[in-house]
Amino acid sequence: MVAPAPAVAVAVAVFVLKGESSVLLGRRLSEIGRDTFALPGGRLEFGESFEACARREVKEETGMDIERIEVLQVINFVEPTGPSPAHFVTVLVRAVPADPSQEPTNLEPHKCAGWDWFPWPTGLPRPLFGPLDAVLGAGLDPFGPPPLPPAPV
């Protein structure tokens, strides 16, 4: 019998912005992207908006509340090899802390080695999680102008 193909999942990754040039990153301890630096985020739950998912994931992972959430871009991430092949359609959003004095707390130490602020783009730690490295290489600037609204259908 042939094993079923892995399912495609939808995720939200959050550029939490601090000041004019810092982003929040954590070192992953999970199987996919282990020991790379990534944005907070996770899987979209059934019926959940992108903004609600961003709020929930950042709160669950860092204890921080966020606001001014904006969708920046959607990317397609496929990791076909390894013990757990994965395919994520990831919605990249940006947000700011609801209280600028908030600092992240590592609430999921089994998934993340800790959170810290890093200057974008010159002070980012290495290695970056593959999808984050790809959008950096493509020139995405989370501090840039607001995205254009979607075209009418």
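View 1. Two strands pair when DSSP finds at least two bridges between them. This is a predicted model, and here β5 (residues 66-79) and β6 (residues 86-97) run antiparallel, joined by 11 bridges.

**View 2. What Arg94 is holding on to.** Staying with β6, we zoom in on Arg94, which is found in that strand. Is Arg94 buried or exposed? Arg94 counts as buried because its relative accessibility is 6%, and the cut-off for buried is under 20%. Its side chain makes a polar contact of 2.7 Å with the side chain of Glu70. The Arg94 side chain also reaches the backbone oxygen of Pro142, at 2.8 Å.

View 3. How many disulfides does a search of the whole structure find? The count is 0. For Cys53, the closest cysteine sulfur belongs to Cys112 and is 16 Å away, so the two are too far apart for a bond; a disulfide would need the sulfur atoms within 2.5 Å. Cys53 counts as buried, at 1% relative accessibility, and Cys112 counts as buried at 6%.

**View 4. Phe15 against Trp120.** The whole structure has 3 aromatic pairs, and one of them is Phe15 with Trp120. This pair is edge-to-face, with 5.5 Å centre to centre and 90° between the planes. Phe15 comes from strand β1 (residues 8-18), while Trp120 sits in the loop between β7 (112-119) and α2 (130-137). That puts the partners 105 residues apart, linking distant parts of the chain. Phe15 and Trp120 are both buried.

**View 5. Phe37 against Phe118.** Here the ring centres of Phe37 and Phe118 are 6.0 Å apart and the planes meet at 70°, so this pair is edge-to-face; the angle has to be over 60 degrees for that label. Phe37 belongs to strand β3 (residues 37-38) and Phe118 to strand β7, 81 residues apart. Phe37 counts as buried at 16% relative accessibility, and Phe118 counts as buried at 16%.

**View 6. An arginine over a ring.** Last stop: Arg28 lies over the face of Phe129, at 4.2 Å from the ring centre.

Conventions. Residues are numbered from 1 along each chain as its sequence is written. This is a predicted model: local features need pLDDT of at least 70, side-chain atom pairs count only at pLDDT 80 or more; totals for chains, interfaces and linings use all residues. Side-chain values use heavy atoms; hydrogens and water are left out. Helices (H or I, at least four residues) and strands (E, at least two) are DSSP runs, numbered from the N terminus. Buried means under 20% relative accessible area, exposed over 50%, partly exposed in between (1.4 Å probe, protein chains only). A polar contact is a pair of N or O atoms within 3.5 Å; within protein, one must be able to donate a hydrogen and the other to accept it, and residues adjacent in sequence count only if both atoms are side-chain atoms. Rings of Phe, Tyr and Trp (its six-membered ring) pair if their centres lie within 6.5 Å; planes under 30 degrees apart count as stacked, over 60 as edge-to-face and the rest as tilted. A charge sits over a ring if NZ of Lys or CZ of Arg is within 6 Å of the ring centre and within 35 degrees of the ring normal.
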